[in-house]
Amino acid sequence: MTGKISYLPLAGKMAVREFLGHVDHRYCDLHIHPATVEHIYAATKQIVQQVMDEIGRRTPHLSIKEVISVGSFEEGTKNCSPNEFDFMVCFDYLSRKENVQIEGVDGCQPGYMVAFLNSSVLDDDAMVNVIRELYENVCCIHHEGLRSEFITVLEEVITSLSMKKIVTPHGFLVLKDSEFLSLRLEWNKFKDEYKGPDIYSGLCERDLPFQKSYSLHIDVDIMPAVSVEDLSLLSHLHGFP
């Protein structure tokens, strides 16, 4: 039994090459100018900060005191287009010593701890979804309830801000929607540099009648966290790095 070898005509090879070039440029652009990458990142962080500010305004016990960039982009190890970013958002109210007492106990996985709620917090009806009673008058943060409430408020905020954009000199970044703890954004690159007064002026609804050279879908993962300033709470535990 003999095999049959098929050869692609030269015109066909050129068509495939052009198609792959189109895909690489529009969807897998590995050659975005570093200045444009910085604008994408700056606009992304501004959107995340504005979303977190709105969450805290609507639900004070979910207020965020700091947005921290983490992941491969922050580490400088990302090897493709800037289409994914990771941020850790640290709670303010739920990290205050007068509200929460952090304890590391044997039996917890390394790096994990119990966040006990002080008595002053237990009478706050707004906190009912994030409180878990361990035994009489002793409660801790219910992480599943906290995550569920955070996601609910996040979805409400994204719905109110959907399709608004941050304008930069190289393009604009649109806030589209969210899924679980992720934001979905879309970067639209200008063909020519923009020098208008609304650059980095916050999310806006303005229509920008400029020619675009390409668009890029961007996913942003949000990781809520309670901050711990005193690592001695954990460093004595077996297995803690």
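Strand β2 (residues 84-91) and strand β10 (residues 212-225) pair in the parallel sense, with seven bridges between them. Pairing here asks for at least two DSSP bridges between two strands, and the elements are DSSP runs numbered from the N terminus: strands are E runs of at least two residues, helices H or I runs of at least four. This is a predicted model, in which local features need pLDDT of at least 70 and side-chain atom pairs count only at pLDDT 80 or more, while totals for chains, interfaces and linings use all residues. Residues are numbered from 1 along each chain as its sequence is written, and side-chain values use heavy atoms, leaving out hydrogens and water.

Let's stay with β2 for a moment. Its residue Cys90 stands opposite Ala225 in β10. Strand β1 (residues 64-70) also joins β2, this time antiparallel and through six bridges, and there Glu66 faces Cys90.

Now for another sheet. Four strands form an open sheet in the order β3-β4-β6-β5, with antiparallel pairing. The edges belong to β3 (100-103) and β5 (131-135); each has a single partner strand, so one side of each is left without a neighbour in the sheet. Four bridges link β5 to β6 (residues 138-141), and Glu133 stands opposite Cys139 of β6.

What about the cysteines? Counting a disulfide as a pair of cysteine sulfur atoms within 2.5 Å, the model has zero disulfides. For Cys139, the nearest cysteine sulfur belongs to Cys140, 7.5 Å away.
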